[in-house]
Amino acid sequence: MGYKRAFLIQNIFPISEKYILNIYIDKNTKNPVSISLTLEKEIYKNAKKVLKLAAYGHKNLVFSDIMRIKTELIAELTQEQ
């Protein structure tokens, strides 16, 4: 978007595709916001690492209870099948 931004991994939480309603639009340019493939891979790698640590009991790494949310989403997806 022309500015330096930060992705705060401690703010992550699991979601399923069902809850993604729209793409993120820059309010100034009205264009979809995108990131480079390199940055996408780096964020994904860091998020997976944090999820793994949370699964092993390091729950203070993120603000939300990601393991509970993940369990509930899996149960919801299982019921929908």
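Trainee: Which residues does Val-50 touch, not counting residues up to four places away in sequence?

Mentor: Happy to start there, keeping in mind that this is a predicted model. Val-50 touches Ile-9, Ile-12, Leu-61 and Val-62.

Trainee: What makes up the largest nonpolar core?

Mentor: Val-50 belongs to it, together with Ile-9, Ile-12, Ile-43, Ala-47, Ala-54, Val-62 and Ile-66, 8 residues in all. Helix α1, residues 37-55, gives the largest share, 4 residues. In soluble globular proteins, nonpolar side chains tend to be buried together.

Trainee: Why is Ser-16 called buried?

Mentor: Its relative accessibility is 8%, and buried means under 20%, so Ser-16 counts as buried. This residue is found in the segment before α1. Leaving out residues up to four places away in sequence, Ser-16 touches Leu-73, Glu-76 and Leu-77.

Trainee: And how do you know whether Phe-13 is buried or exposed?

Mentor: Phe-13, also in the segment before α1, has 52% relative accessibility. The cut-off for exposed is over 50%, so Phe-13 counts as exposed. Phe-13 forms a nonpolar surface patch with Ile-15, Tyr-19 and Ile-20, and together they have about 430 Å² of accessible area.

Trainee: Why is Tyr-19 called partly exposed?

Mentor: Its relative accessible area is 44%.

Trainee: What makes the side chains of Tyr-19 and Glu-76 a polar contact?

Mentor: They come to 3.0 Å, and the cut-off for a pair of N or O atoms is within 3.5 Å. Tyr-19 also touches Leu-73.

Technical notes: Residues are numbered from 1 along each chain as its sequence is written. This is a predicted model: local features need pLDDT of at least 70, side-chain atom pairs count only at pLDDT 80 or more; totals for chains, interfaces and linings use all residues. Side-chain values use heavy atoms; hydrogens and water are left out. A nonpolar core is a set of buried Ala, Val, Leu, Ile, Met, Phe, Trp, Tyr and Cys residues joined through side-chain atoms within 4.5 Å. Buried means under 20% relative accessible area, exposed over 50%, partly exposed in between (1.4 Å probe, protein chains only). Helices (H or I, at least four residues) and strands (E, at least two) are DSSP runs, numbered from the N terminus. Contact means heavy atoms within 4.5 Å. Patches are made of residues with over 30% relative accessible area and no salt bridge: like charges are joined within 9 Å, nonpolar side chains (Val, Leu, Ile, Met, Phe, Trp, Tyr) within 5 Å. Accessible areas come from the Shrake-Rupley method with a 1.4 Å probe; for residues, only the protein chains shown count as cover. A salt bridge is a side-chain nitrogen of Lys or Arg within 4 Å of a carboxyl oxygen of Asp or Glu. A polar contact is a pair of N or O atoms within 3.5 Å; within protein, one must be able to donate a hydrogen and the other to accept it, and residues adjacent in sequence count only if both atoms are side-chain atoms.
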